[in-house]
Amino acid sequence: MSDTTAHVGSPRYSAFNVIAGIILALGLVVTVLRFTGGLSSVTNLDDHNPWGIWIGFDLMVGVALAAGGYVTSAAVYIFGMKKYHSAVRPAVLTGFLGYTLVVIALHYDVGRPWRLPYPFIMQQGTTSLLFEVAACVALYLTVLFLEFSPAALEWLGLERARNWAVKLTMVLTIFGVILSTLHQSSLGALFLIAPSKLHPLWYSSYIPLYFFVSSVIAGLSMVICESSMSYKYFKDKMDDTHMKEKESVTLGFGKAASLVLAGYFVIKVIGIAADNNWSLLATGYGAWYMVELLGFVALPCFLYAVGVREKNITLIKWTAAWTVLGIVVNRLNVSWIAFNYHLPSSERYFPHIAEIVISIFLVTVGILFSDYCHPDAYFI
Amino acid sequence: VLNSEKMGMREDLGTTSAPDLTHGALSIVPMVVGLWPVLLTGVYAINKRKEKINSEEKKRAVTEALEKAEAEAQAKLSQAMEKAENDKKTAIDTAVKKALEEAAKKESDDKETS
């Protein structure tokens, strides 16, 4: 731990530390305002726009980008791709941190956060998709905690408990895949209830499937991004296995991402055909839809393929970052940009500065947590 | 007469109820819970079996290669032994023949002298 503290305190990080400190201070001030003055004091939410960026970005994007955990553990433990083993622990850690931040973000967004456990103890409401979302978040966060526990138990030196936790790996991985399938798709399914609000190009009866498939893409791309970031900042702490497997993780995951993107592109086109929305492509929203479909789905699919064929690690890394941006664009399109598209611009939602501050605050907290985590969490 | 449009409410919303819109997605949930574990355990079992067969095949290939090498070495050895035996026999035969010839020659020389 002392190593980590030392490197964070080095001059290379000082500018980052100052900016992070300012963001944390601002975030804490807005947090106090939010929980003393209520939602109206720090957000632009209203009856037309009950969900802002705390849902669209913090939750929708956060959950999608945390998909690396289930994607990697399924690849290694279920599909037997053992050569990617070194990528499992960082991916599960990121998933765990991501989901924790999603739950924290929910406390800001939900009017009465102390009622978050109500679906389990007061009234189930099993006909509501929000019940499914609540159940999946709670259960999957628990699964991620248990999946991550071997690392924590190693630090604590509890060898016997660690061995028990390791024995649960297979069951937890299967649980993780089930819960992630349901959770990722249910976030898309939430919008099924609003065909009159979401633009027809984004509204589709396949939207749960789109969210699930795109989460796999997000997970694969995030693992590639994390792997290159951790290599940059923690190179000296990586063991031989990690260094050896690093390139094969990037190439293998890049190949998988290219394939899944190709499938995603096809099902998106099938969605347009099924609803016969071709004519809408000629509108302004259609142009933006094409930017998403061609720029953030077809293009990275092609670039990943080229990168893998030519073994161009740099190209794969940049494509991964571009793909992650594409997932952010998609989730914001569904939850914000193409949502309430029929309203006059005066009634459209734009986030309050305090909402943006909280979103940046939570991302910063996530980065700081990853940074301060014991290096063992990444490289054993 | 008041109409909802004048009150700022939309009239193009159709008549499908909210539960009808989400019923399809929710009905798939129990199927995912029921079938995903079967499918995933199946994939796991297939991979496990593949790995087992791989390692068995590898082991068998190594054993076979060792056996073959041993048999080849044995054959070479016995061939060499046979050759050595033959050589030895030939050498003995030659030596005996030579000795006999020398003895016969000596005997005839002795006879001639006497």
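Predicted model: local features only at pLDDT ≥ 70, side-chain atom pairs only at ≥ 80, totals over all residues.

Reader: At what angle do α6(A) and α8(A) pack, and how far apart are their axes?

Author: Helices here are DSSP runs (H or I, at least four residues; strands are E, at least two), numbered from the N terminus. Axes are lines fitted to C-alpha atoms, for helices over the stretch in contact, and the angles between N-to-C directions run from 0 to 180 degrees. In this case α6 (residues 88–109) and α8 (residues 129–156) of chain A pack at about 135°, with axes 9 Å apart. An angle counts as roughly parallel under 35 degrees, roughly antiparallel over 145, roughly perpendicular from 65 to 115, and oblique otherwise; α6(A) and α8(A) are therefore oblique to each other.

Reader: Which way does α6(A) cross α8(A), left-handed or right-handed?

Author: A crossing is left-handed if the near helix is turned anticlockwise from the far one by less than a right angle, and right-handed if clockwise. The crossing of α6(A) and α8(A) is left-handed. With contact taken as heavy atoms within 4.5 Å, the α6(A) side includes Phe96(A), Tyr99(A) and Val103(A), and the α8(A) side includes Tyr140(A), Leu144(A) and Phe148(A). For classes, Ala, Val, Leu, Ile, Met, Phe, Trp, Tyr, Cys and Pro count as nonpolar, Asp, Glu, Lys and Arg as charged, and the others, Gly among them, as polar. The residues of this contact of α6(A) with α8(A) divide into 13 nonpolar, 2 polar and 3 charged.

Reader: How many charged residues are there in the contact of α2(A) with α15(A)?

Author: Geometry comes before composition here as well. Helix α2 (residues 14–37) of chain A packs with α15(A) at an angle of about 130°, their axes being 9 Å apart, and the two are therefore oblique to each other. Their crossing is left-handed, and the residues that meet include Phe16(A), Ile23(A) and Gly27(A) from α2(A) and Ile358(A), Phe361(A) and Val365(A) from α15(A). By class, the contact of α2(A) with α15(A) has 15 nonpolar, 3 polar and no charged residues.

Reader: How are α8(A) and α9(A) oriented, roughly parallel or roughly antiparallel?

Author: The axes of α8(A) and α9(A) (residues 159–167) come within 9 Å and cross at roughly 170°, and the two helices are therefore roughly antiparallel. Ser149(A), Pro150(A), Leu153(A) and Glu154(A) of α8(A) make the contact with Ala161(A), Arg162(A), Ala165(A) and Val166(A) of α9(A).

Reader: Which residues have the most contacts inside the largest nonpolar core?

Author: A nonpolar core is a set of buried Ala, Val, Leu, Ile, Met, Phe, Trp, Tyr and Cys residues joined through side-chain atoms within 4.5 Å. Buried means under 20% relative accessible area, exposed over 50%, and partly exposed in between, with a 1.4 Å probe and protein chains only. The largest core has 113 residues, and those with the most contacts inside it are Tyr70(A), Ile78(A), Leu187(A), Phe191(A) and Leu198(A). Its largest share, 13 residues, comes from helix α11 (residues 207–234) of chain A. Beyond four places in sequence, Ile78(A) touches residues that include Met170(A) and Val177(A), and also Leu40(B), Val43(B), Tyr44(B) and Asn47(B).

Reader: Is Lys268(A) buried or exposed?

Author: Lys268(A), which lies in helix α12 (residues 240–274) of chain A, is buried, with a relative accessible area of 4%. Apart from residues up to four places away in sequence, Lys268(A) touches Tyr210(A), Tyr289(A), Glu292(A), Leu293(A) and Asn330(A).

Reader: What is the phi of Lys311(A), and what is that of Asn340(A)?

Author: Most residues other than glycine have a negative phi. Lys311(A) has a positive phi of about 50°, and the phi of Asn340(A), also positive, is near 60°. Lys311(A) lies in the loop between α13 (284–309) and α14 (313–337) of chain A and counts as exposed at 60% relative accessibility. Asn340(A), in the loop between α14 and α15 (353–372) of chain A, is buried at 1%.

Conventions. Residues numbered from 1 in each chain as written. Chains lettered and ligands numbered in written order. Heavy atoms only, no water.
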